[in-house]
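Student: Could we go through this structure together, one question at a time?

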There are 2 protein chains.
Amino acid sequence: MNTLFSEPLKVVNCGLSSFADNLQLAGGEVLNLAWQPPALGDVEAGLALARLLRHPLVEQANQRAFEAYLAAQPVLVDVMGAAEAIPALAQSRRILHSGPPIAWQDMCGPVQGAIVGAILFEGWADNAAAAQRLAAEGGVDLEPCHHYQCVGPMAGIISPSMNLFVVQNKTNGERAFCNFNEGLGKVLRFGANSEEVLQRLRWMKQELAPALKAALRELGGLELKPLMAQALHMGDEIHNRNAAATGLFLKRVIPALLATGLPLDHLQRVVAFMAGNDHFFLNLSMAACKSMLDAAANVPFSSMVTVMARNGVNFGIRLSGTGDQWFQAKANPVQGLFFPGYGVDDAAADLGDSAITETAGVGGFAMASSPAIVKFVGGTPADAIGHSRRMQSITLGGNPAFTLPSLNFAPTAAGIDARKVVDRGILPVINTGIAHKQAGIGQIGAGITTAPMPCFVEAIRALAAQVEQFPGNAS
Amino acid sequence: MNTLFSEPLKVVNCGLSSFADNLQLAGGEVLNLAWQPPALGDVEAGLALARLLRHPLVEQANQRAFEAYLAAQPVLVDVMGAAEAIPALAQSRRILHSGPPIAWQDMCGPVQGAIVGAILFEGWADNAAAAQRLAAEGGVDLEPCHHYQCVGPMAGIISPSMNLFVVQNKTNGERAFCNFNEGLGKVLRFGANSEEVLQRLRWMKQELAPALKAALRELGGLELKPLMAQALHMGDEIHNRNAAATGLFLKRVIPALLATGLPLDHLQRVVAFMAGNDHFFLNLSMAACKSMLDAAANVPFSSMVTVMARNGVNFGIRLSGTGDQWFQAKANPVQGLFFPGYGVDDAAADLGDSAITETAGVGGFAMASSPAIVKFVGGTPADAIGHSRRMQSITLGGNPAFTLPSLNFAPTAAGIDARKVVDRGILPVINTGIAHKQAGIGQIGAGITTAPMPCFVEAIRALAAQVEQFPGNAS
């Protein structure tokens, strides 16, 4: 004690930063640790977590799940009508939406607006008011895309007459689906449902879908992982920046389109549409990520996160070990850059299935590969590198198929381990577009957000209960 | 002195590093400064340099030259036959080559091979032996591309019947030209001249050139600087990596091609050719850089470098202030990665006009934007960033049109100041392809090299002499 007080004090503060502030104000030297108790300080959840950490059942399950994810080979094999690809869509009036399940009356503006648009597109109502009534009265089944191996960006609306990309994992034969990207401006996925929006959807069905289907027949399928890997070396993180990936996709698809025998004016419109939208590849990136993560799903006891998705109100996750169960929490706010004339008060809550990209180790997890994205989502290139590094603390490993040049070609952090998230208090980072909270206005910015902690805590409790119930469990 | 030897010695070594080695072997602590005397230790040249440093005539001239470079707006406006674009090529049997002037008998294998190919392509001889004789006997005028506002990669051969990209600087109306990129493998620019090579050149003349000419008419010209700037944010340095730039170019050009009314099978071949070559944009990057630097040329007293070019034997530079005068030195060796089966003994000396990209602040100068290029040219992403930073020490400023994301969007270092090169002993870095020394084998690797110091020392002497002779010179 004598030496302690006779020498200059160096204080390490752990917990409330206000303690450190006071010491600093008094001239003291303080290192402030941004430490929080695990599991949000919930003792019961913390004990559940403690039982799962280093548990051999979980460790083995995670290894199996992670290996299945790594081994997946998503190939774009076809374009199909949604009702053909997903028989449940042909059986009743059913529309799929992004994120975890949510009832019509709880949905946010853009999702309701997009559902109205889809009802009009399907011809189930003659005008927006009638469509709204139909939905409100339960005349349409509303279900998450994820319940049907689908993903959709933003509102994520898929109705029977739309067309889907079909991505097949060559390793296990399973398929995943995503709708087509409509471009920017007034589009269904941001809740717009005007005649202009419906006309574009009709054109996509009549011209874009058959042309892409024919081109894929010419190509005999397109491997998506090498294309994504290349785009990561070209400044994309393949969630909010898809300029390079779209270019690489076009370079493969256009020669095939020209060989389809379709009329030149048809091809011209298809090429102009795709070449005019730097985000065209986003939906393919999402389907590929869904395919990789579905491969890792349903491994009992695995704490690997296989889904992160937002419905504009709640953020939902699924773990491999807990199968189809959703764990939900209110979505965190988005820190971002807004387009001129808009601000944080105009923003809808975090929305869309596109966080499947982060779940698969790209998007925000691969931001180090995409320094230029900070012009779109905010921050500095150093922040972008920091995000990618930090995600290494909450993941099961690295994906050697996706390397990050600016981290000296380190594999991207992948396979989010819900245990590590809850233990370390580090949240998965997500790059995201920001929708206006009113239907139909569209994108008003982009930014960075995180998955909310409570759904991970909930998931850990459920997984711990599962492990407890296992007969041979020694812990 | 007493304190000096009573305390531990910290030695700073400046000069021969072997002095430091000995001290380190004896257990001493040595900081070794990699210092060299300016101007290679040549006292007379050093004094000439001293007269030029901070000389108001030079400072003002450099400002004018650098501003003209920054203000240039290179636009791809047309495709023309070489003889039409450059009247001198229509007047006699004349072939242009890369680098500074060089006589036939002094040329390296690949350049001789490419000239033989061009003679066969023009029909001036029936076979390779006859073509070789014709060239050796002086039957063809051989001149540098740079003497006619042209640039060409590697051998850089341009003969009257070939077609050229026409790039116009919208700021001053001046034009610059470059030939088309043939792709990889057996190609004229690496000295190959087989029937396969000649057939490709004929096809480029018959189908590629008219299709691109028609597409450019549809487009009404294509601004190259914004496209290059975008590619720098997509992992290209637009010298040895042009994957993104080629993709961006195709995205603009293919819709225009489809609108030309040309037959579909013709368009298919043109699209397949361009989409199959990630380096297709290189020649456009070169023409744009030539255009920007020509704008800065011929400003009396300016020490800004406006040309760096290699003929496979010598490296030549031009300064703005010394106009058409070449300053030459033996090319430095290339540190690089070789394709399997090849090594340094197989390599031709540094070759081609493509160092015009580095002269304009891209290529090696913009390597920070292209971490993935180290897989092609060697080194690490940190080295790539180091090269871009180091070039800031020998340039007149930054080009705000070309920003480097990983350097927090710093403008690329541009406008090489020959004074700074000679004063600081820092050589311009160049990313380069490596040709096999025998004609026709092609590219065998890629790597990093530097411009040789003696040509800068020579240039500084000449500029100092010019400044001395100026009547109003006060120094």
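**Two chains and their contact**

Tutor: Bear in mind that this is a predicted model. The contact between the chains takes 26 residues from chain A and 26 residues from chain B.

Student: Which helix supplies the largest share of the side of chain A that touches chain B?

Tutor: Helix H11 (243–258) and helix H12 (264–275) of chain A each supply at least two residues of that side. The largest share comes to nine residues, and the helix that gives them is H11(A).

Student: By class, how many residues of the side of chain A that touches chain B are nonpolar?

Tutor: On the side of chain A that touches chain B, seven residues are polar and one is charged. The nonpolar residues there number 18.

Student: What rotation superposes chain A on chain B, and how are the two copies related?

Tutor: Chain A is superposed on chain B, with an RMSD of 0.1 Å, by a rotation of 180 degrees with 0.1 Å of shift along its axis. The two copies are therefore related as by a two-fold rotation axis. In chain A, the C-alpha nearest that axis, 2.2 Å from it, belongs to A:Met234.

Student: In S7(A) and in S9(A), which residues are the bridge partners of A:Val75?

Tutor: Strand S3 (residues 74–81) of chain A pairs with strand S7 (residues 163–169) of chain A in the antiparallel sense, over seven bridges. Two bridges join S3(A) to strand S9 (residues 222–223) of chain A, and these strands too run antiparallel. The partner of A:Val75 in S7(A) is A:Gln168, and in S9(A) the partner of A:Val75 is A:Glu223.

Definitions and conventions:
Residues are numbered from 1 along each chain as its sequence is written. Chains are lettered from A and ligands numbered from 1 in the order in which they are written. This is a predicted model: local features need pLDDT of at least 70, side-chain atom pairs count only at pLDDT 80 or more; totals for chains, interfaces and linings use all residues. Copies are superposed by least squares on the C-alpha atoms of residues with pLDDT of at least 70 in both. Two residues are in contact if their C-beta atoms, placed from the backbone, lie within 7 Å. Helices (H or I, at least four residues) and strands (E, at least two) are DSSP runs, numbered from the N terminus. Ala, Val, Leu, Ile, Met, Phe, Trp, Tyr, Cys and Pro count as nonpolar, Asp, Glu, Lys and Arg as charged, and the others, Gly among them, as polar. Two strands pair if DSSP finds at least two bridges between them.
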